[in-house]
Amino acid sequence: MFAWLDIANNSWIIQVFLVVFATVVLNFFIRLILKKAHEKSKLTENVWDDAVLMAARKPLALFVWVIGLSIAAEIVQAVAENSLFEYTSLVRRIAIILLLMMFLVKLIKNIEENILLKSKKSEIEADEITIRVMARLLRLSVLITTGLVILQTLGISVTGVVAFGGIGGIAIG
């Protein structure tokens, strides 16, 4: 009944445990380092470092988990006869693309907020509507590009969509 507990014949269990444990430890240290860096960046007047650090927090932590769990899944794949584990590398690639998108969208949002805050303090001259529209356009372009990259990663050709977008842009412009 508990044959899987026979560690001598199932060394993969120890490997998976060590990978998950290393993932937890690495995630803890990354969060600690980012927290310290964010505290130091608050002391600077530069808005870019705050925006980057705040945008990187969650995606970086999730990136560590994606890599750690995908390594653990590959270890299990070597001993399991389940075809579900064959999609590990595809899921990892898509997750990394989504995490990069998450970082970029949050970065654009943070920069938008920082610029608007500085303009309200009269440190810089900026039109609020223009900043908001530009930020929305940038976020939209990141989302569209992410969608196209994911489709290409899944093996769906996007050359027709890109060509259609180019022709549509010429027709509108």
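Trainee: What should I know before we start?
Mentor: This is a predicted model, where local features need pLDDT of at least 70, side-chain atom pairs count only at pLDDT 80 or more, and totals for chains, interfaces and linings use all residues. Residues are numbered from 1 along each chain as its sequence is written, and side-chain values use heavy atoms, with hydrogens and water left out.

Trainee: What makes up the secondary structure of the protein chain?
Mentor: Five helices and zero strands. Helices are DSSP runs of H or I with at least four residues, strands are runs of E with at least two, and both are numbered from the N terminus. Along the sequence the pattern reads α-α-α-α-α.

Trainee: Why is Gly-68 called buried?
Mentor: Buried means under 20% relative accessible area, exposed means over 50%, and partly exposed lies in between (1.4 Å probe, protein chains only). Gly-68 has 5% relative accessibility, so Gly-68 counts as buried. Gly-68 lies in helix H2, residues 47-79.

Trainee: Which residues does Gly-68 touch?
Mentor: Val-19 and Thr-23, not counting residues up to four places away in sequence. Contact means heavy atoms within 4.5 Å. The C-alpha atoms of Gly-68 and Val-20 are separated by 6.3 Å, though these residues are 48 apart along the chain.

Trainee: Is Asn-27 buried or exposed, and how do you know?
Mentor: Its relative accessible area is 9%, so Asn-27 is buried. Asn-27 sits in helix H1. Asn-27 touches Ala-61, Val-64 and Trp-65, leaving out residues up to four places away in sequence.

Trainee: And why is Met-134 called partly exposed?
Mentor: Met-134 has 47% relative accessibility, so Met-134 counts as partly exposed. Met-134 belongs to helix H4. Met-134 and Ile-108 are 26 residues apart in sequence and 9.6 Å apart in space, C-alpha to C-alpha.

Trainee: How much of the protein chain is buried?
Mentor: Buried residues make up 28% of its 173 residues.

Trainee: Which residues of H4 are buried?
Mentor: Ile-131, Ala-135, Arg-139, Val-142, Thr-146 and Ile-150. Helix H3 (88-120) is included in what covers them. Just after H4, Gly-155 takes a positive phi of about 95°.

Trainee: And what do the buried residues of H1 pack against?
Mentor: They pack against H2. Among them are Ile-13, Leu-34 and His-38.

Trainee: Why are H1 and H2 called roughly antiparallel?
Mentor: Start with the angle. Axes are lines fitted to C-alpha atoms, for helices over the stretch in contact, and angles run from 0 to 180 degrees between N-to-C directions. Angles under 35 degrees count as roughly parallel, over 145 as roughly antiparallel, 65 to 115 as roughly perpendicular, and the rest as oblique. The axes of H1 (residues 11-41) and H2 come within 9 Å and cross at roughly 175°. H1 and H2 are therefore roughly antiparallel. Their contact has 22 nonpolar, six polar and five charged residues. Here Ala, Val, Leu, Ile, Met, Phe, Trp, Tyr, Cys and Pro count as nonpolar, Asp, Glu, Lys and Arg as charged, and the others, Gly among them, as polar.

Trainee: What makes H2 roughly antiparallel to H3?
Mentor: H2 and H3 pack at about 170°, with axes 8 Å apart. That makes them roughly antiparallel. By class, this contact has 20 nonpolar, four polar and six charged residues.

Trainee: Why do H3 and H4 get that label too?
Mentor: They pack at about 175°, with axes 10 Å apart. H3 and H4 are therefore roughly antiparallel.

Trainee: Which residues make up the largest nonpolar core?
Mentor: Five residues: Val-16, Val-19, Ala-72, Ile-75 and Val-76. H1 and H2 each supply at least two. H2 gives the most, with three. A nonpolar core is a set of buried Ala, Val, Leu, Ile, Met, Phe, Trp, Tyr and Cys residues joined through side-chain atoms within 4.5 Å.
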